[in-house]
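Please examine the sequence and the three-dimensional structure shown here. The paragraphs that follow lead through selected features in turn.

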Amino acid sequence: MGSITLNKVSKSFGEAKVIPSIDLEIQDGEFVVFVGPSGCGKSTLLRLIAGLEDVSGGSILIDGQDVTGKAPAQRRLAMVFQSYALYPHMSVRKNIAFPLKMAKMDKAAIDQKVADAAGILNLTDYLERRPSQLSGGQRQRVAIGRAIVREPTAFLFDEPLSNLDASLRGTMRLEISQLHNQLKTTMVYVTHDQVEAMTMADKIVVLNRGNIEQVGSPLDLYSSPRNLFVAGFIGSPK
Ligand code: ADP
Ligand code: MG
């Protein structure tokens with residue numbers, strides 16, 4: 001569970017062809033990072049996978065099922081954004097439980113899932129607090145908790161750490177990597193930060209103006225960049 005296939009996916013906004021045509025295979029359980037400069041189409045590509053935008057052409061398969069044109073709720077993917085988008089008037093517990101309550105799950109089951117997620121994310125002692133009483137890193141963990149309880153087939157992260165200071169970013173990078181090791185769920189992670197890409201990814205997808213410049217492991221890209229753009233972006237001496 002958790003493979004994602006893009007077949008000739010394209011996206012235009014009016015006259016602007018933001019993504020000309022992308023083919024990509026994401027394996028079940030992989031940690032894939034989309035990296036590239038601001039405006040190259042990373043968020044758009046993630047939103048197409050999530051179903052928050054409709055493709056202009058091509059198709060998207062999740063676990064072999066064609067989900068092109070299907071609503072986000074039918075894709076079982078969980079999106080985690082840079083802005084935490086927590087409900088300020090609700091406790092941590094209620095924030096994490098929210099998607100389950102919307103799905104009308106019974107209270108005992110909700111309590112169990114929230115307790116499990118809080119355990120994984122070290123939030124057990126913070127469940128009755130409001131978001132304003134948490135640090136930036138804790139807030140980000142609550143946002144991840146809200147994604148975990150839905151048991152998605154894949155997590156989609158859009159620059160989740162860009163609002164955090166440098167030292168906290170380092171800690172959270174590790175935490176998300178550990179979460180991946182623990183859950184073994186597919187994660188697609190968007191960033192413009194080369195360090196995040198190199199340290200977290202199984203597979204890096206380097207994007208430039210809506211096109212894939214190269215796909216490979218961090219070591220592949222570092223040791224054999226296909227062109228100057230990749231070399232310059234990944235920071236290899238070539
Ligand atoms: P990134 O996340 O890599 O910074 P985006 O995917 O946000 O890039 O944007 C890629 C390009 O698409 C940019 O030129 C942006 O202005 C354009 N774009 C993104 N969303 C829209 C939209 N809803 N309407 C028009 N243009 C958009
Ligand atoms: Mg973006």
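Why does D63 count as partly exposed? The reason is that D63 has 15 C-beta neighbours inside 10 Å; a residue is buried if 20 or more other C-beta atoms lie within 10 Å of its own, exposed if 12 or fewer, and partly exposed in between, with C-beta atoms placed from the backbone. This is a predicted model, in which local features need pLDDT of at least 70 and side-chain atom pairs count only at pLDDT 80 or more, while totals for chains, interfaces and linings use all residues. Residues are numbered from 1 along each chain as its sequence is written, and chains are lettered from A and ligands numbered from 1 in the order in which they are written.

D63 lies in the loop between strand 4 (57-62) and strand 5 (65-66); helices (H or I, at least four residues) and strands (E, at least two) are DSSP runs, numbered from the N terminus. Its phi is near 50°, a positive value in a residue other than glycine. K104, also not a glycine, has a positive phi of about 60°. This residue belongs to the loop between helix 2 (92-102) and helix 3 (107-120), and it counts as exposed because it has 7 C-beta neighbours inside 10 Å.

Six strands form an open sheet with mixed pairing, in the order 6-7-8-3-9-10; two strands pair if DSSP finds at least two bridges between them. Strand 6 (77-80) and strand 10 (211-216) each have a single partner strand, so one side of each is left without a neighbour in the sheet.

Strand 6 runs parallel to strand 7 (residues 154-158), joined by 4 bridges, and A78 stands opposite F155.
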